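I opened this entry to look up a few strands and a pair of helices. My notes follow the model below.

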Amino acid sequence: MRFFVNAIPLFGLLLAALLAFSARPATAAAAGHYQLTLRFDLDNGRLHGTALLDIAAGEPLSLAFPELTITDSQLTNQDGARLPLPTPQGGLDLPAAIGSRSLLLSFIAEAGGENQIDPGGIVLTDNWHPVPLQPRLFTLTAAIPAHFTAVSESDQFPLPRQGERVMADFSQPTSRIHFVAGPYRSGEQVVREGLAVHSLFFPAEEHLAEGYRQAAAEHIRRYEALLGPFPYSHYVITANRQPTGYGMPTFTLLGQAVLRLPFIRATSLGHEIVHSWFGNAVAVDSSRGNWAEGLTTFLSDHTFREEEGDAVEVRREAISRYLSWVHPDSVIPLQQFISASHSQPMAEGRRAVGYQRGAMLFAELRQQIGKTAFTAGLRRLAADYRGRQASWDDLERSFSTAAGRDLAPFFRARLERSEIPKLSAEDIRVEYQDARPLLSFSLLQHSMEPFDLVLPVQIDTAAGSSMVTVTTAAARTRVRIPLADVPLGFRLDPEFSLLRQLAADEFLPAWSRLLGAKSPLILLGREEEQKVYQPLIDLLADNTPRLETGLEATGPELAEQDLLILGGDQPVSRALFALPDHPADGLTIEVRRHPLNPDRVAVLVTSPNQEQTVAAARLLRHYGRYTYLEFHDGRNRAKEMAAGPAGLFYPISELPPGGATSALGDFASVVAALRPARVVYVGETHTSLSDHRLQLRLIESLHASHPDLAIGMEMFPASAQPVLDRYTLGDGSLNEADFLKESGYFDVWRFDYRLYRDILNYARRHRLPVLALNLDRQIVSAVSRGGGTVSLDPEQRRTLPIDRDLSLPGYGERLARVQRQHLQGGHGSSGLAGFIQAQALWDETMAATIVDYLRRHPQHRLVVLAGTEHTRKDSAIPPRVARRMAIPQASVVNIAAGTAPADLAGQADFFFFAEPAELGEPAKIGVVLDPQSGKDGQALLTINELSPHGKAAAAGLLAGDRIVSIEGRPVADFADLQIALLDRRVGDTVTLTVLRGAGGEEQRLTLRVELSRLPPSRPPL
């Protein structure tokens, strides 16, 4: 039914409100009176109101009403004489006068934004009445439909009612008042004598009302024990048709959509109730900054999680949210946070300062002064400033008094500065003092000016962990910690006790990091899919994202930004994450560390249609801490959070893995356990003869029980497959030397062929297929140097596996360590993004080749020989094979020289202790060679210089000689030379034919050279 309230004349409402003023207690006389009288045009979304303000002698008055239409204004002095006053618009400033005055404004407010006026209900929360600069005592009278129930700031509830007129009288000074009315169902629960909780819910949510009343009563009892008496005689939980979460004096306004969310009653309701003490009863002096949101967040959201044993994670999430939303070019000091409004510029960044940075200030404050003093400071603040405004200075005084020390430096540093601490440790030593270990290190603060910090440090030893506290106020502090046991490592701030910069592994991937990302890159497969994902694109509108459509290759620019990848079946998505296993019927969000940049995140989103996206998008800001989310028809059905280390970790030594010797088996029993696997990976260190002998023994044993056995070898690229087939499966006409030449072994692999010779000879004798697993080296090099596949031509890209998963747990971190080792050793100069993509292409190509072979040969089993980093069962070839084909697999590693990697369980399923073995040193001529062409175009190797460690000079060789042959075998390139020397030993003598001189002076000489052992020219790979 449409309803227009007009039965009560406006002057009648005004008279009733004047009578209400006369009932105010004398204690309220210090603040000026403010009387609002309201009537509504529900059909047209309009409010007609009058505002009557008493102005004391000598009092100026400033009002703001930017969104109101003033229809009449009257200024009257204490004698009743009207004073001249032009009709104001937007605002009004009246200077002080000798006598008292009264101001009457008639105004019209239109529905819009958060203000609703219609037959379904009335919600007035945002600039709907003239707002005074200084707090005043409000009385409100409103005419509403008979079936409406109303709530406003008031000293009593239900609001007194006469017919269609309701009245609210509030004895606490305030600058704004709110009014809500609608067709509510009401309920009540007594908390204690003189205090009740009420609910005003719409019929659709009435079944939730009792649970909310009970939860509110429990929250109030809990906080009365902590903070003192609840400041009001009632509390009303009110439903709103819009998705709000507001806490006003005496009531809260919660959106219908969020009332059904399970965490609202348990946490958000408690947050709004704490605002009854801090923010409402103790108001915020906003001219000095807003402290209430941070304190309320700490006392509710943080405390609830602490009681659940989740204290470390809630503080990590607060820091992570702050770092996600607050960027160097938009950061503000905490003291400049004023408003929690979502409508302000950079709203979420400002809110992260007020809520998260504010909450972490109080977490750190409690750490520094202790819980007892902290609680005493809270109670003092609540009691001393009730009914008054408080500033950060007032909080500082309250807590300083409770703690018995001056906290001004603590507050000043955390309120006035925009930077936050960044910590590290260096020069770590373990010494002994009086026969006890002493851990010492330099603790560094990297901020412009050091903070005064109380820093927890966790010390790990073989006997367990212990916590010590370190104080620092300098850029560099030398820390000395005496211990009972030798330390294995230590962690700085493992409990996230203060707001600080996080290490990459502490800053977990979460949806909030993408929501707060500055200028994220949005990747869309096809333009026609944009409408499906537009609600998500709109969520990032304030972040100035860049949208790219139809990218087919990856390049270094992808590593520079956070990524939002919309749709799993697009080239870039599949090149980074492979084809996702997401449900087809709803929206799924998967947040991962950016595979090419550990400091950023990449988010993969799939949705079947726009309807599913729209239904989920309105809820997504409530799920910022999660790394995996599934929604169906707007309801969450799966959510997961990432886990990760806490604290800045500095290892000193590691405890070795171990096991019971009774669990060890002999060679035959391990082979028996390997037989069910269709693929057995035998990892190797490429230069270890012991590893290669183990590989051969396993091939022999598995072949005995599985005649249909093939061998996969990392050492050969796919281009070598035809010559491999001719060599191991052919008629025997291809000899070893020609095989090595045609396969390009010495160009591609370069490790001593003798290490693999017995394996290939076994395959040849038994006609076993040898599968070339590797990618052509030029492709790997191009991707590594160019930062991605964008550097390849289209034909090369077509040969690559479409699905490539760069985000397997630990994969990027492991490769980053490997790359650092390469760079420190002077090997390579590529960036991390290119290195990771090249290595992933390597693993994915080998996995795809394995699966393709097994599908074409369903009876065969495969033994794969590759480096141990490629055979890891956790993140290398095995999981990539499993993604393509569900088959049993097993990974084997040789533990050489009695040592084992710390992550042995992640590397392999089985291990062996193979006896050490040494391959004889390769015999060398002792020359440095350069490939050149002879006068007839013949390829020749020219001697550039002679090694002082060899016998070449003694044999008569000179720089500039060109080698023609060795023992009569022509030598045109390095491969010819290595083949000619393959079976030679140190001390053997070989005959070289060389050309010396040029033109008519050219001589052909035959010389005898004793082969030598030379020091390595570079460290073995």
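I began with strand β8 (residues 116–118), which pairs with β9 in the antiparallel sense over three bridges. Two strands pair here if DSSP finds at least two bridges between them. Helices (H or I, at least four residues) and strands (E, at least two) are DSSP runs, numbered from the N terminus.

The model is predicted: local features need pLDDT of at least 70, side-chain atom pairs count only at pLDDT 80 or more, and totals for chains, interfaces and linings use all residues. Residues are numbered from 1 along each chain as its sequence is written, and side-chain values use heavy atoms, with hydrogens and water left out.

I noted that β8 and β9 form a hairpin with two residues between them. Aspartate 118 stands opposite glycine 121 in β9.

Next I looked at the other partner of β9. Strand β15 (residues 179–182) runs antiparallel to β9 and is joined to it by three bridges. Valine 123 is placed opposite valine 180 in β15.

I then checked whether the faces of β9 (residues 121–124) are covered. Both are: Gly121 and Val123 on one side, and Ile122 and Leu124 on the other, are all buried (under 20% relative accessible area, with a 1.4 Å probe and protein chains only).

Last, I turned to helices α7 (residues 347–369) and α9 (residues 392–403), whose axes come within 11 Å and cross at roughly 20°. The contact (heavy atoms within 4.5 Å) is made by Leu361, Phe362, Leu365 and Ile369 of α7 and by Trp392, Leu395, Phe399 and Ala403 of α9.

Note on methods. Axes are lines fitted to C-alpha atoms, for helices over the stretch in contact, and angles run from 0 to 180 degrees between N-to-C directions. Buried means under 20% relative accessible area, exposed over 50%, partly exposed in between (1.4 Å probe, protein chains only).
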